[in-house]
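Okay, thanks everyone for coming. Let me put the model up, and then I'll walk you through a sheet and an interface.

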Amino acid sequence: MSANILTVDDSASIRMTTKIALTNAGYKVTEAVDGVDGLNKAKSASFDLIVTDLNMPNMNGLAMIEALRQSPAHTGIPIIFLTTESDADMKSRAKAAGATGWITKPFDPEQLVKIARKVLGK
Amino acid sequence: MNTMDPIQVFRTEAAELFEQIESGLLDLLHDLSDQDQIDAVFRGLHTLKGSGAMFGFEALAAFTHHCESAFDRVRKGEVQATSELIAAVLEAQDHMKALVEKPNGDHDDMSQKLLAKLHAAVGGKNGHAATARPAVVVPASTPSAAAAAKAASTNWVIKFRLPDNAMANGTNPLGLLDELRELGECTITVDASTIPGLAEIDPTTLYLGWTITLETEQPRSAIEDVFIFVMDDMQLEITEIKAAAATEPAPKQAEPDLVVEPVAEKKQAATNTGPADAKSNKSAENVRVPAERLDELMDRVGELVIAQSRLSQLANISANIQLRSVSEDVERLSGELRDTMMVLRMVPVGSLFGRFRRLVHDLARETGKTIELETEGETTEVDKTVIERLADPLVHLARNSCDHGLEPPEERRAAGKSPQGRILLSARQQAGEVIITIKDDGRGINRDRVRAKAEASGLIQPNAALSDQELLQLIFQPGFSTAQEVTNLSGRGVGMDVVKRTIDTLRGTINVVSHPGEGSEVSLSIPLTLAIIDGLLVRVGNGRYVIPLSAVEECLELSVEDDMRSRGRSFISLRDSLVPYLRLRELFRTGSKPDPFQKVVVISTGSERVGLVVDQIIGDHQTVIKAMSKLHHDVATFSGATILGDGDVALILDVGHLVLEGQKQEAHLRAAG
Amino acid sequence: MSEAARKIPDHLWGVSEELEVLTFDIAGEMFALEAVMVQEILDLLPETTVPGAKPFVGSVINFRGKVIPLADIRLAFGMEATKPTIDSRIIVIELDVDGEPTLTGIRTDKVHEVTSLMKTASEPPPSIGMRWRSDFIDCLVRRGGEFIILPNLQTIFSVGHERHAADPSKN
């Protein structure tokens, strides 16, 4: 049974590359375009991992992560966020909001697959 | 989408971003302090940089990085936006476009020039205009100095304890242990000393700690990498065991031990949350509350509302703007509190109906008749006090039916009816009202006797012309029931006129339908601004609608064949029967293209059925009914509206009306041949 | 139109000389309505179409947890529907419909300000020559060389609500 991953990013090109990399690694990928879309999709299906950018319109990644953690249905789901190397403040805020781990942008898609494996255990 | 070239996708995306950034910058020129625009421009630059780097547009990423940094400073308030800065960024934009088009061209000179302008515009700090090449950072392997430490394996003692909420936040401690196992031979001991008693255990809290001895060839950094995501918040000690050294994890070795204390963390919800998550009115838990507490609470809310309206009055005449603003907030909040209280006080009508079984049973025995009581719509919710006030009138009406309406068994048989009399108690909601009816299949109301009595009581003139309904309504007039009518059962001082008065005080109406020989039906319509039903949420085109679940018989997919076959005929073939259908997207004139797999929701009003063809069935939905204004009373298709969790409005379909429409359509098409 | 019908309605100014109003634009002309009626001014909100409703009140919006109609006055006057722009606003008012106080939103192209209009500057609407139906207009008020129209919302809403644009899907 392949794991379901939700990717949330307002950049279509990043969504596409991550989808290709993760799908090739055998995962099922669903895309969302911002925090609101991400929340809706997370609520309507069950995901094993959520990968999200932080900087998005309508609802940013931080707010989405917080909202997700408030719902018991999403307790325990790993959430990985994308961050830039210089932003240590963002990292701790995201962790405080309930994120599990991160990957630094720009990232090699294979790296993302490695982190997905680490976090999913498969 | 899979066959598209990602680079092409990036180029298209970049073009859009450029447009966005440009219009954002131009808007900013009108209002240099517009934070939303500043954020939007920053976001655009940020995305451009990130995506650019991902797809190999290094020069673009590097250059954009500086623009982004400049804008970041504006965003954080360190620097004011000036028209000079905006002009610089606009010029920079054009250059960025060139960098996207010809990534391998010679752009360095231009880049340097523009960056210099940019730096000048933000106050000339950041001297370096070097194009920083963003490195691809790979978290799992920071080759810290010693690429040595090959071959020889080292023994480590690793002791760790994650914060309580680690699992809730998605960290899998077993996964960490697995990763350690991958590094080499492990012996793992668990520390379960902080597990509380069974009663206090929270399944999402992590109570365990671990101690692992690990023999590995990997460097220390490999061990640290395992914990990279949780490093900051956990207790972690990694101690190298030198041969013949004790396993004291004393933090005074030459080897730098990593002892990290847990950071007190309590996430402050300072971030704005969007509309999608706010209200969740579904809770899996129930709490028992004594009814008196609810009443007390309601009283407090009532007093609060009174005090608030006094506050509003005072605030309105006051010149104090802040006072007015606070008063408005208080008004809104107390309104919301009242609405919430109303919901708390909603009680299913079934609780009232329950009393009637006993009542009807007793009445049947007293009158020597056999009476069967049926109930419908027990889950319809009604405000607690309304239920209490309806109790007596309903009892009286029930008694009336049993006493006067229903005939004794012999008379029924003679009339060709079953000897068992039938009383139907039903409740339903419609257009913001709750309608409770008592129906019997007895004699019906004798118009002549009513007339005679009314004339005798002086209520009407002899030979006055009255419509049937007007005549029947006379029953509820005070003075109508004379002593003759007061039997043992019905005479408790609760006459029909008291029933009417009670309904009037609830701002409701009474309707009587009666057919001689067949029976009577009394309907009480009580308006409520709030009633809750179970609904089925569906989508037709771009709009979402609610179908009362009580009317839904079944849901099916409209197969393409059925869809084609049904065209030109107005029936869907459902197992052995033909069900008329309505294509809601046509009825609603959505003008959008239908989803490939249409769904049919078959609804019924007891006797008649109709299929409603929709684009998508979304799911169950606890529907709080909001009445629509008078301006929409003429739209018979909808009986009300509701507000969904994301704040959007969904209209509630009026089942009765749609069934009628279905029948009309059927008749039309039959007539047309 | 009889003379009587063309008098300035008393109910507006009553005994005072000034009337506090909110001014706004629709179709390039300036309108005003009594400030006391105004509940709130909103940016454009997500709307839900009501299939089968008269085009004049073709949508509803969620206003603080209530579902209220969104009226397009242009349609009441038989003009094209309002096109939303960045300045468009919704004015939420409370007015009597069939004896019931009803909250409703009104689409506007732009909202200006709360200001006072002088009774002395008011005139009844001319019976001909105006773009707008004169029975939909209470009066005009002169200000700075322009005329501000005070619409008779009562009439607009009761007429609009009774016999507007026959919509076949409704029957």
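Quick definition before we start: two strands pair if DSSP finds at least two bridges between them. Strands themselves (E, at least two residues) and helices (H or I, at least four) are DSSP runs, numbered from the N terminus. Bear in mind this is a predicted model, where local features need pLDDT of at least 70 and side-chain atom pairs count only at pLDDT 80 or more, while totals for chains, interfaces and linings use all residues. Residues are numbered from 1 along each chain as its sequence is written, and chains are lettered from A and ligands numbered from 1 in the order in which they are written.

So, chain B. Leu424(B) has Lys439(B) in E9(B) as its bridge partner. That belongs to an antiparallel pairing of E8 (421-430) with E9 (433-440) of chain B, over 8 bridges. Zoom out, and you get an open, mixed sheet of 5 strands in chain B, ordered E6-E8-E9-E11-E10. At the edges, pairing on one side only, sit E6 (371-376) and E10 (509-515) of chain B. On average, neighbouring strands are turned by 15° against each other, direction ignored.

Now, which side does chain C bring to chain B? The contact (C-beta atoms, placed from the backbone, within 7 Å) takes 25 residues from chain C and 22 from chain B. On chain C, strands E4 (47-49), E5 (59-63), E6 (66-71) and E8 (100-108) each supply at least two residues. E6(C) gives the largest share, 4 residues.

Notes: Two residues are in contact if their C-beta atoms, placed from the backbone, lie within 7 Å. Axes are lines fitted to C-alpha atoms, for helices over the stretch in contact, and angles run from 0 to 180 degrees between N-to-C directions.
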